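I am opening my notebook on a new structure.

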Amino acid sequence: MSVKYVTMGLISQVDKGAYSNIVLNDAFREFFLSPKEKAFMTEIFYGVIRNKKFLDYIIEKYTKDIKKEWIRNLLRISIYQITFMDSDDKGVVWEATELAKKYSIGISKFINGTLRNYLRNKDLELKELYDKKNYEVLYSIPKWFCDVLEKQYGNENLKQAITSLKKVPYLSVRVNKLKYSEEEFEEFLKEKDIQIIKKVDTVYYVNSGLIINSEEFKTGKIIAQDASSYLAAKNLGAMPNELVLDICAAPGGKTAVLAEEMKNSGEIIAIDIHQHKIKLIDTNMKKLGINIVKAIVMDARNVNKQGRKFDKILVDVPCSGYGVIRKKPEILYSKDRENVEELAKLQLEILNSAADILKDGGELIYSTCTITDEENTNNIKKFLEERKEFKVEKLYIPENVSGDYDNLGGFCINYKEEIMDNFYIIKLKKGEKC
């Protein structure tokens, strides 16, 4: 079984709309792979998705119309290795040629000739794209999104903003303090010779994915979670014995932070629109030793019709997801500007519905895992113009977390942050209506 052969099939699945993280994890369960093979598969799989526009540009320049998926994906993988990896280029060409021979001798010659031709011209191709500042192709980013980044961050920061989204992510886990301690976890890491890349409160970024297979993970002592997601929930300031609402809660990572802050005392209503995700929340809460969460199916736009008022509300709304491109690079090819505009309207509708059922004096967090102003600052401006009873509260942002405050007091973890997901967080407090 060839790792490249399997990866070619995974790329085809993503091209047809599958989620990259799901198909890769399914492959790891289906095939018996060594840690080295898993690492290589992950590299070439995500590498092709992150650089798909560039790879297809080169393929179209050096070939005529390719109709068979496996040929295109074999060329994509090989060109990715030649361009972006520290590979033996001649070895890459040989491997691709040998793999193609299993299908057709004629096609193997075509693969060989195409890759050798690109090898001769690679440096010139890259120089031309750099000289022309053709970021759309060079970094495989849609033109409209490139324009958004330039508008938000300025031309002088554009390249840094783009390349930030293309970085390889680290695994991050949070210590579940209801079952475990930071000291115990750090001792565990020391025993396994796993290095800490970054630490934000109880969230650890590490240099090994092996801990996902550990007993500590299986028994709920640690949970996979990014520090950005953690900070959104942490900033709500949930307290023991409060009634808290978590909107669009699945899979329950932020819900778990709320429960921990509440010392597993009080009540959390966690809602999601999908029935199968409710089961996922319940399963995760049981694993983590949390028993104050009631997960129910509900459309967040109608949450103001359920009859109760809440002390605190976490409004983590559906969004374009451009803050998690490092982990889900296919997002760049599956959404467009119209999607952002539609989502912004939905987000504002959900926020207003949540605001209706927040008690006077209560607080809410509005958060997204995206970076567009339309979904973040602009939405909050519209909300505050209509809802005069709300004011912005100060956020807790650790010193080792990079980003920028907007002019309202919201914080965007953005391209300045080397490790964490990009995220927008703002805290609002409800007073009496004027």
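**Entry 1: terms and ground rules**

I start with burial: a residue is buried under 20% relative accessible area, exposed over 50% and partly exposed in between, using a 1.4 Å probe and protein chains only. Helices (H or I, at least four residues) and strands (E, at least two) are DSSP runs, numbered from the N terminus. The model is predicted, so I note that local features need pLDDT of at least 70 and side-chain atom pairs pLDDT 80 or more, while totals for chains, interfaces and linings use all residues. Residues are numbered from 1 along each chain as its sequence is written, and side-chain values use heavy atoms, with hydrogens and water left out.

I looked up helix 5 (residues 69-84). Next I checked its length. The expected span of a helix is 1.5 Å times one less than its number of residues. For the 16 residues of helix 5 that gives 22 Å, and its end C-alpha atoms are 22 Å apart, which agrees.

I ran the check on helix 3 (residues 35-50) as well. Its 16 residues should span 22 Å, and the end C-alpha atoms lie 22 Å apart, in agreement. Which residues of helix 3 are buried? They are M41, I44, F45, Y46, G47, V48, I49 and R50. Contact means heavy atoms within 4.5 Å. The cover over the buried residues of helix 3 includes helix 1, helix 2 (20-30), helix 4 (52-62), helix 5 and helix 16 (331-334).

**Entry 2: helix 1 against helix 6**

Two packed helices are described by the angle between their axes and the distance between the axes. Axes are lines fitted to C-alpha atoms, for helices over the stretch in contact, and angles run from 0 to 180 degrees between N-to-C directions. I looked up helix 1 (residues 3-15) and helix 6 (residues 89-101). Their axes come within 11 Å and cross at roughly 75 degrees. Angles under 35 degrees count as roughly parallel, over 145 as roughly antiparallel, 65 to 115 as roughly perpendicular and the rest as oblique. Helix 1 and helix 6 are therefore roughly perpendicular to each other.

Which residues of helix 1 and helix 6 meet? K4, Y5 and M8 in helix 1 meet V92, E95 and L99 in helix 6. The residues of this contact divide into 4 nonpolar, no polar and 2 charged. Ala, Val, Leu, Ile, Met, Phe, Trp, Tyr, Cys and Pro count as nonpolar, Asp, Glu, Lys and Arg as charged, and the others, Gly among them, as polar.

Two strands pair if DSSP finds at least two bridges between them. I found an open sheet of 4 strands in the order 2-3-1-4, with antiparallel pairing. Strand 2 and strand 4 stand at the edges with a single partner strand each, so one side of each has no neighbour in the sheet. The twist averages 30 degrees from one strand to the next.

I went through the pairs. Strand 2 and strand 3 are joined by 4 bridges, and K198 has Y205 in strand 3 as its bridge partner. Strand 1 (residues 171-175) and strand 3 (residues 203-206) also have 4 bridges; here V173 partners Y204. Strand 1 pairs with strand 4 (residues 222-224) over 3 bridges, and V175 stands opposite I222. Strand 1 has 4 of its 5 residues buried, so it is largely enclosed by the rest of the structure.

Helix 11 (residues 182-191) lies across strand 1, strand 2, strand 3 and strand 4, at about 10 degrees to strand 3. Helix 13 (residues 227-234) packs on the sheet and touches strand 1, strand 2 and strand 3. The direction of helix 13 makes about 175 degrees with that of strand 3.

**Entry 3: strand 9**

Strand 9 (residues 358-368) is mostly covered, with 8 of its 11 residues buried. It pairs with strand 8 (residues 310-316) in the parallel sense over 6 bridges. D316 has S367 in strand 9 as its bridge partner. Strand 13 (residues 423-430) runs antiparallel to strand 9, with 6 bridges. There, Y366 partners I426.

Most residues other than glycine have a negative phi, and most peptide bonds are trans. I looked for exceptions. The peptide bond from A250 to P251 is cis, with omega near 5 degrees. P251 lies in the loop between strand 5 (243-247) and helix 14 (253-261).

D201 has a positive phi of about 55 degrees although it is not a glycine. Its loop runs between strand 2 (196-200) and strand 3. Is K263 buried or exposed? K263 is exposed, with a relative accessible area of 61%, whereas D201 is partly exposed at 23%. Phi of K263 is positive too, near 60 degrees. K263 sits in the loop between helix 14 and strand 6 (267-272).
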